[in-house]
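Please read the following note alongside the sequence and the model. Its points take up selected helices and a residue in turn.

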Amino acid sequence: MNVGGYQTLKSSLRSYWSLFLVVLPAFLFAVLSLFETEIATFLMVLHPPSRDQGFSFYLDLVRLAAWEVLWLGFFLLLACVLMVYPSQGRLENVFNTGFKIKDQYSVIVVVSVFFIVTLFISVDTLEQFPNSSDEYAYLFQAEMFSRGKLWVPAHDLPDFFHYNNIAQYEGILVSRFSPGWPLFLSAAFEAGIPAYLINPVLGVLTLIVFYFFARYLYGERVALWSLLALALSGFYVFNSASFFSHVFSLLVTLLFVCNLYLYDKSRNFLYGLLAGFFLGFLAIIDHYNALFVSLPLLFYVLYHYRFRSPHLLAFMAIGAIPFLIFLISYNYSITGDPLLTVTGWTHPLEKLGFVKGHSFLKGIEHVIRWILLFFYWVSPGLLILYFAFLYRKMKSRAERFLHAEDYFLLFLMFGYFFYHEVGGNQYGPRFLFEGFAFLILFVVSKVLQIREKWAMSLLLASVIYAVVKFPFITQREGQILDERQDLYDLVDEQRLSNAVVLVSSSTSPIRPMPADDLTRNDGKYENDVIFALELPEITGKLMEYYNDRSFYRYIREPDDPHGELVRIK
């Protein structure tokens with residue numbers, strides 16, 4: 001360390017920002033920790049608990065807030081230290097020569113580490129458990145597809161077997177989700193590949209496509225740092241370790257955008273067809289994402305090509321035809337109407353707009369929660385850089401209509417503002433996931449282009465922060481998952497067989513898993529232990545129906561992470 005740099009650092013550490021970034025977070029942590037009971041009690045009064053929430057839910061919320069204050073203080077302190085020391089020249093050297101080995105080997109190392117870590121998270125932390133009703137519904141749908149079925153008959157006593165996201169409607173049992181992701185997953189069932197391996201492999205493929213796309217647009221340095229920032233993010237790793245559709249959706253989105261750029265360069269109609277092909281594929285994975293992603297690109301095409309835009313749009317429309325035909329056939333086979341989706345048939349209010357109690361204020365609340373989740377799972381720095389550079393981009397006449405993919409996250413955030421759900425059980429703000437990689441690419445390209453010290457410091461701090469915080473996130477998610485599996489763990493521990501378990505309580509006090517997320521059975525209801533909702537007024541009907549089985553009740557106190565199975569027959 002040179003003398004000038006040391007004096008600058010020493011002087012800066014004595015300034016007011018050090019007091020704010022070190023003392024204040026520590027003080028707030030102490031206050032939240034010392035008065036956690038009183039604060040949790042106040043929150044219970046301010047926001048009365050739901051049926052599945054107890055005091056432990058609010059206490060955990062306060063404790064998490066206390067730790068997040070410390071993590072935020074750590075990030076800001078790290079960013080400020082990087083702004084003060086090292087010098088700008090040294091920071092630039094980090095970004096220019098940060099990879100000491102050949103670039104292709106750097107990519108192999110990053111991708112290999114990502115795959116190993118993701119497999120560990122999938123097997124050890126998440127325990128190959130579909131942690132949300134969405135994930136379970138995908139697997140249920142994929143298993144049906146692998147048997148050549150689009151739906152199966154509903155149970156004779158359907159009230160006992162209500163399950164979120166798997167509808168029992170007009171005598172059939174069917175997942176409400178679009179068929180694209182389950183159809184792809186079904187290949188794993190048919191090939192005998194463990195389903196938990198699919199997303200980690202897709203995560204690797206997506207990273208490789210992302211790297212080559214970034215290199216094509218911005219060059220080697222931007223591609224390598226973008227790859228590093230994406231692969232080291234807990235947001236990306238955990239979604240790649242889950243059964244969610246987002247990684248596959250991102251891969252298809254990347255291929256869609258790649259082909260648009262290739263068409264833009266060559267005017268080869270084949271790339272136009274492929275762009276439409278992948279957009280159509282995206283539409284049968286998640287039609288909302290396809291809409292929100294295509295809008296900024298549609299504006300770009302109309303602005304950039306003007307009178308020549310119908311040619312590209314026609315090629316894209318032709319490319320999307322196979323998926324349009326598939327979706328029409330799928331809808332007709334289940335709903336009887338080619339234009340009525342399964343979701344619209346089983347859940348008529350499942351749409352954009354102020355429905356199901358959604359409102360403008362709730363939309364604001366959702367945006368705030370997405371930002372907080374982004375801070376938790378990624379870092380504050382990337383979001384700060386994104387909006388700072390987006391503001392500059394929109395002010396510049398030369399840049400505002402270039403690289404429409406830079407707006408993906410903004411369009412996703414705006415579009416899902418009008419959706420009544422915030423995302424449910426998730427590893428980060430998952431509704432924004434398909435825009436996350438493009439956010440990173442936009443931010444890294446701008447940082448390495450302008451080479452301003454504050455921006456380089458925030459980017460480097462964001463990458464370091466993601467790595468340092470990852471064990472904390474992993475430990476917490478592992479604890480939550482253990483709590484949420486309590487019912488199934490009890491069934492295994494007590495070796496129940498030929499039984500029915502009546503679910504009367506949720507699992508997990510700190511992230512409740514409601515009873516109608518726990519009624520997980522095979523499509524024929526032939527599993528050795530059947531899980532059913534407890535409906536005291538008509539339980540006798542179920543006992544008569546399964547008169548050859550023993551019956552148990554799962555009960556748990558709201559603040560106890562472990563429940564018990566009580567035999568009732």
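**Note on selected helices**

1. The axes of helix α17 (residues 360-377) and helix α18 (residues 380-395) come within 7 Å and cross at roughly 125 degrees. Axes are lines fitted to C-alpha atoms, for helices over the stretch in contact, with angles from 0 to 180 degrees between N-to-C directions. Helix α17 is therefore oblique to α18, since angles under 35 degrees count as roughly parallel, over 145 as roughly antiparallel, 65 to 115 as roughly perpendicular and the rest as oblique. Helices are DSSP runs (H or I, at least four residues), numbered from the N terminus.

2. Ile371, Phe374 and Phe375 of α17 meet Pro380, Leu382 and Leu383 of α18 in this contact (heavy atoms within 4.5 Å).

3. This is a predicted model, in which local features need pLDDT of at least 70, side-chain atom pairs count only at pLDDT 80 or more, and totals for chains, interfaces and linings use all residues. Residues are numbered from 1 along each chain as its sequence is written, and side-chain values use heavy atoms, leaving out hydrogens and water.

4. Helix α14 (residues 287-305) bends by about 30 degrees at leucine 295, the bend being the angle between axes fitted to the seven residues ending there and the seven starting there. Proline 296 follows within four residues.

5. Threonine 474 lies in helix α21 (residues 453-484). Its relative accessible area is 13%, so threonine 474 is buried (under 20% relative accessible area, 1.4 Å probe, protein chains only). Leaving aside neighbours within four places in sequence, threonine 474 is in contact with Ile121, Thr125 and Phe238.

Conventions. Helices (H or I, at least four residues) and strands (E, at least two) are DSSP runs, numbered from the N terminus. The expected span of a helix is 1.5 Å times one less than its number of residues. Buried means under 20% relative accessible area, exposed over 50%, partly exposed in between (1.4 Å probe, protein chains only).
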